[in-house]
Amino acid sequence: MYERILLATDGTVASDDATAHAIGLADLHDAMLHALYVVDSDVYSAYSGDEYVDEREGPEHGLEEVGEEALSAVTTRAADRGVEVVEALRHGRPHEEIVDYADEEGVDLIVLGTRRHPEAYRSLLGSVTDRVVRLADEPVVVVKTDVA
């Protein structure tokens, strides 16, 4: 049923259960797992960078390192199940990059993790997951995680 599954991860605890779910689905369907981390351009463009000597010390570089670690963790976990992973790190607005990547790579399913938040929080701020669900042409599985 699935040949290419996209796991969008942010490396947080909210992605842990989604990672396990995506790896399990990829194993079950003998599918290729694409792991995507998006460096949020809105985050690093909000900083002036005056306090950094060069761009390698700035927030963009730090976010890239977090992304590389998150992708490596997915690949390590998937290897334990014999699942092959294609890692991708992109820059931009996360919901847009996730949807674009899914379209470009012809994935059959998108798997995302989300934290359970109070209703008021969700209605005020929304989330990357909410936006992906609304914009994606592919089916989206949302794995909810209770975060204290």
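Author: Helices (H or I, at least four residues) and strands (E, at least two) are DSSP runs, numbered from the N terminus. This is a predicted model: local features need pLDDT of at least 70, side-chain atom pairs count only at pLDDT 80 or more, and totals for chains, interfaces and linings use all residues. Residues are numbered from 1 along each chain as its sequence is written, and side-chain values use heavy atoms, leaving out hydrogens and water.

Reader: How many helices and strands in the protein chain?
Author: The protein chain has 6 helices and 5 strands. From the N terminus, the order is β-α-β-α-α-β-α-β-α-α-β.

Reader: What share of the residues is buried?
Author: Of 148 residues, 38% are buried (under 20% relative accessible area, 1.4 Å probe, protein chains only).

Reader: Switching to helices. At what angle do α4 and α6 cross?
Author: Roughly 40 degrees, with the axes of α4 (residues 94-105) and α6 (residues 128-135) coming within 9 Å. Axes are lines fitted to C-alpha atoms over the stretch in contact, with angles from 0 to 180 degrees between N-to-C directions.

Reader: Which residues meet there?
Author: P94, H95, I98 and V99 in α4 meet V128, R131, V132 and L135 in α6. They divide into 6 nonpolar, 1 polar and 1 charged (Ala, Val, Leu, Ile, Met, Phe, Trp, Tyr, Cys and Pro are nonpolar; Asp, Glu, Lys and Arg charged; the others, Gly among them, polar).

Reader: And T129, buried or exposed?
Author: T129, in helix α6, is buried at 8% relative accessible area. Beyond neighbours within four places in sequence, T129 contacts L112, G113, T114 and V142 (heavy atoms within 4.5 Å).

Methods
Buried means under 20% relative accessible area, exposed over 50%, partly exposed in between (1.4 Å probe, protein chains only).
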